[in-house]
Amino acid sequence: MMKAWVDYIDWQDAQRGRTYLFDFLDTFGDWLALDGPTPSSFKGSTDDTYVSTLYYYRSTQMVKEMAQVLGKTEDVAHYAELEAHIKAAIAAGCDMILFNKDIREDYQFIRDALADGRLTWERVDEAVTRTLAMKAAMGLPERKAAGTLVPGPEALSVVGCAEHLAQAKECADKAVTLVKDTQSLLPISPEKYKKIRLYLLEDRVGGGFKDGEGATGKIKQKLEDEGFEVTLFDYSKPDFYEMFEGGVADIKSKFDLAVYVACIDTASNQSVRRIDWVHLMAADAPWFVNDVPALFVSLANPYHLVDAPMIKTFINAYTPTEEVVDAVVDKLMGRSAFKGVNPVDPFCGVWGAKF
């Protein structure tokens, strides 16, 4: 069982390119809590990644030792190499303290590690040398001496200049990608689909480091400017009749076309983003696609077909800028051709998502 566990962690690490650090999955970390921040703390203050990787290292070491006893020479060589990589990853650490909360506390951690031998002065010298070399390569000492380390107010004059806005518009036009339109829905027009229900799939919980609200919220007005009657799906006031009793006829009486616009982007520790349909009856999910047409536009994550494979018209636009939203509307209306080429597999390996 220990061998299977070590092999599993090694396999998981390989999927992301190998760091030899056990900094993924849910772990107990420092569960003894001998130095927790409060007497009632259930976890100690030792870094979870450090504790977990040490456990991974010791487990690998034990599997290697068991292989030696059993005479499995190939396994001995394999786990000895893995053990060495993990040990190197633990020792490597990083060259600078980043995103600290209390720099004095972190400095003391370094002093303590030097005092008890967990950290060597050679490793510190190596980190300092690399840091100074990077600063020298960037010319930072000279720029500091010349007073040009921080650009002056005049440097802001290029922000939002006509040239850059034109480039942003050109990039948006070339990037927006029609992944599929198997129902031949496009282009759309008020004559064919007067009433639109708009679903805005966004982060409904605040927090994290984001680039701002973006232009997602403006798409309703842009569609209305094209002559459509647009109603927003109201997440704050669920329609219980529609959820529990209303059927296809009820949906058809309310709108001619459903438009899903998703802006669920990755940020900080949000590295896996999936569509979180309304938990009650999946009320915002496109269950009606065989009776009322629906299209989906993603303004961030290009992998949403894994959660909405039933959608027959799907567009990836990658970023929620106003130029991108304008380009999407132009292409929906047929004023501009789709020029984007899929940079990833938007079907996520799901065969049925292609239809």
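**Salt bridges, cores and buried residues**

Lysine 254 is partly exposed, with a relative accessible area of 26%. On this scale, buried means under 20% relative accessible area, exposed over 50%, and partly exposed in between (1.4 Å probe, protein chains only). The model is predicted, so local features need pLDDT of at least 70 and side-chain atom pairs count only at pLDDT 80 or more, whereas totals for chains, interfaces and linings use all residues. Residues are numbered from 1 along each chain as its sequence is written, and side-chain values use heavy atoms, with hydrogens and water left out.

With which residue does the side chain of lysine 254 meet in a salt bridge? The partner is aspartate 239, at 3.0 Å from N to O. A salt bridge is a side-chain nitrogen of Lys or Arg within 4 Å of a carboxyl oxygen of Asp or Glu. Aspartate 239 lies in the loop between β3 (229-232) and α9, while lysine 254 belongs to helix α10 (residues 248-254), so the pair ties together parts that are 15 residues apart in sequence. The helices (H or I, at least four residues) and strands (E, at least two) are DSSP runs, numbered from the N terminus. Aspartate 239 counts as partly exposed, at 35% relative accessibility. Through shared partners, salt bridges join Arg197, Asp239, Glu242, Asp250 and Lys254 into one network.

Glutamate 242 counts as buried, at 10% relative accessibility. Its side chain makes a polar contact of 2.7 Å with the side chain of arginine 197. A polar contact is a pair of N or O atoms within 3.5 Å; within protein, one must be able to donate a hydrogen and the other to accept it, and residues adjacent in sequence count only if both atoms are side-chain atoms. Neighbours within four places in sequence aside, glutamate 242 is in contact (heavy atoms within 4.5 Å) with Arg197, Asp250, Ile251 and Lys254.

By the salt-bridge rule, the count comes to 25. One of these links the side chains of aspartate 10 and arginine 18, at 2.4 Å from N to O. Aspartate 10 is buried at 9% relative accessible area, and arginine 18 is partly exposed at 34%. Another joins glutamate 126 to arginine 123, at 3.4 Å from N to O. Both of these residues lie in helix α5 (residues 121-137), three residues apart, about one turn of the helix. Arginine 123 is buried, at 12% relative accessibility, and glutamate 126 is partly exposed, at 37%.

Lysine 180, in strand β1 (residues 177-181), is buried yet has no salt bridge. Where is its nearest side chain of opposite charge? That side chain is aspartate 181, 9.4 Å away; here Lys and Arg count as positive and Asp and Glu as negative, and His and the chain ends are not counted. A polar atom of the lysine 180 side chain does lie 3.4 Å from the backbone oxygen of proline 309. Beyond four places in sequence, the contacts of lysine 180 include Pro309, Ile311, Phe314, Phe347 and Phe355.

The discussion now turns to nonpolar residues. A nonpolar core is a set of buried Ala, Val, Leu, Ile, Met, Phe, Trp, Tyr and Cys residues joined through side-chain atoms within 4.5 Å. The largest nonpolar core has 30 residues, of which Ile188, Leu257, Leu295 and Leu299 touch the most other members. At least two residues of this core come from each of β2 (195-202), α8 (219-225), β4 (257-263), β5 (294-298) and α11 (322-332). Helix α11 gives the most to this core, with six residues. Apart from it lies another core, of 26 residues, including Phe233, Tyr260, Trp277 and Ile311.

Isoleucine 188, leaving aside neighbours within four places in sequence, is in contact with Tyr193, Phe228, Leu257, Leu295, Leu332 and Met333. Alanine 317 lies in the loop between β6 (313-316) and α11 and is buried, with a relative accessible area of 2%. Its contacts beyond four places in sequence are Val176, Ser298, Leu299, Val324 and Val328. Alanine 317 and glutamate 163 are 154 residues apart in sequence and 22 Å apart in space, C-alpha to C-alpha.

How many disulfides does the structure hold? There are zero, a disulfide being a pair of cysteine sulfur atoms within 2.5 Å. The sulfur of cysteine 161 is 13 Å from the closest cysteine sulfur, in cysteine 171, and is therefore too far for a bond. Cysteine 263 is also in no disulfide, for the nearest cysteine sulfur, that of cysteine 348, is 18 Å away. Cysteine 263 is buried, with a relative accessible area of 10%.
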